[in-house]
Amino acid sequence: MTLAVALVWTVSLVDGLPTRSARTLGDQRAARAGAARGNDWPQFRGPMLDGLSPEKGIRKDWSTRPPAVLWKVSLSDDGYGGPAVANGLVYIVDHAGSDDVVRALDVNSGAERWRFAYRLESSQWKYVRTEATRNLYGFCRTTPTVGQGRVYTLSREGDLHCLDAMRGTLVWKQHLVHDFGGTAPCWGYASPPLLYEGKLIVWPGGKPASIAALDPATGKVIWQGGEGDAGGYGMPVPATLAGKRQYVMTVWTGFVGAEDGTGKVLWRIPWATTDGTNVACPIVIGNSVFVTSAYGMGCALYDITNEGVKERWRNKALQAHMNTPVLYEGFLYGIGDPGHLICLDPRDGSVRWRQSGFEKGGVVAVDGVLLAVNGAAGDVVMVRLNPERYEELGRFVPLGGQSWSPPIIAQGKLFIRNRKALACVSLR
């Protein structure tokens, strides 16, 4: 997926903050064209990297007619790695024995079209100890990335594979620890590769390549750099802040802006969380960055200027443990500990409303509504995107059980997994 360079804002600024996420001109045209036929979801956080689906015509009478589950597929990974959808296929990384298994499933039937297995190459990851087969909250932590006829996957150990998207054959492979001298974070690599403007962005951590840009076709290094930070767990966020093109990154001790083309750290937000658990992706709003994490850290908004980072506000209203909030028409909607779905005003950090019953689940926005998951029990709840009040439109339970993985929407369907299965649900 190649994105146009020219950035535009969809609506006007309010107190210096745009009321919608930044999108490229190319993205918007593609989104409008694809909405009628159903869009793909080719990488983590969707076609525009913001957790918003451009699809329209989603059925909203859930209270009287819950959605139909079209198919379910069993998984043996026992974890949380999410799916991606492109080319009429659903891509997800499973696990069997000592192998990670990349699976491609038919989007309409769930039938397996191909699979590619690889033996985990044990790294120095602190929880592996002497075996790469130890199950700690599952194996693969990342969502596949699909584009340019290829699919890219990253294991918790650092195995980076590029496969032919239609056949599942190996194109190239690298290892973030062995080939880049990387330092895996405490719970293993969880930051999906980012395909952006003809480059594959990965986050090995450590020296010499805290961040690296690779040729998507060959895996060869285009540039690498950084300041030796061990990685966090969120996917890099491309942005232009204070006039400088960069990638906003989660790291072990906080958040940084890494310059596009060099990896040079342009700014840094200290944010030391238990076990380096900075998971939710930063959200860029104009020249500001919203961050959130759990373990009592909370959330904050920082203005990025040529003179440095300036804290706008900070509180503990939203403590997102794993899943990234979405920004919609000037308001943030997200789930945070101890299990609240929250609408937050990023201008001053005030809570517009709060609703309990959403432990560590994920959210996705589509057609004026939010689909929010209760991570403890697997309920999928439709909530109107309304900053004035919590307005539930219906709920159902497609799988049940612990469901921490973020839901995605593609081709008029909702895809959601728990630790044992992946389900496809009709939204039409």
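1. Buried here means under 20% relative accessible area. Arg-103 has a relative accessibility of 10% and therefore counts as buried. The model is a predicted one, and the values below should be read with that in mind.

2. Arg-103 sits in strand S9, which spans residues 99-106. A polar atom of the Arg-103 side chain lies 3.1 Å from the backbone oxygen of Ser-74.

3. Leaving aside residues up to four places away in sequence, Arg-103 touches Val-73, Ser-74 and Leu-75, then Val-90, Tyr-91, Ile-92 and Asp-94, and also Glu-112, Trp-114 and Arg-115.

4. On the cysteines, Cys-281 counts as buried, because its relative accessibility is 4%. Cys-343 is buried as well, with a relative accessible area of 0%. The structure holds zero disulfides.

5. For the chain as a whole, the secondary structure consists of one helix and 37 strands. Of the contacts with a separation of 6 or more, 53% join residues 24 or more positions apart.

6. The chain has 428 residues, and buried residues make up 64% of them; Arg-103, Cys-281 and Cys-343 are examples. The accessible surface of the chain is about 14900 Å², with 49% of that area belonging to carbon and sulfur atoms.

How values were computed. Residues numbered from 1 in each chain as written. Predicted model: local features only at pLDDT ≥ 70, side-chain atom pairs only at ≥ 80, totals over all residues. Heavy atoms only, no water. Helix = DSSP H or I, 4+ residues; strand = E, 2+ residues; numbered from the N terminus. Buried < 20%, exposed > 50% of the residue type's maximum accessible area, 1.4 Å probe, protein only. Polar contact = N/O pair within 3.5 Å; in protein donor to acceptor, adjacent residues only side chain to side chain. Contact = heavy atoms within 4.5 Å. Disulfide = S-S within 2.5 Å. Areas by Shrake-Rupley, 256 points an atom, 1.4 Å probe, with all protein chains shown as cover.
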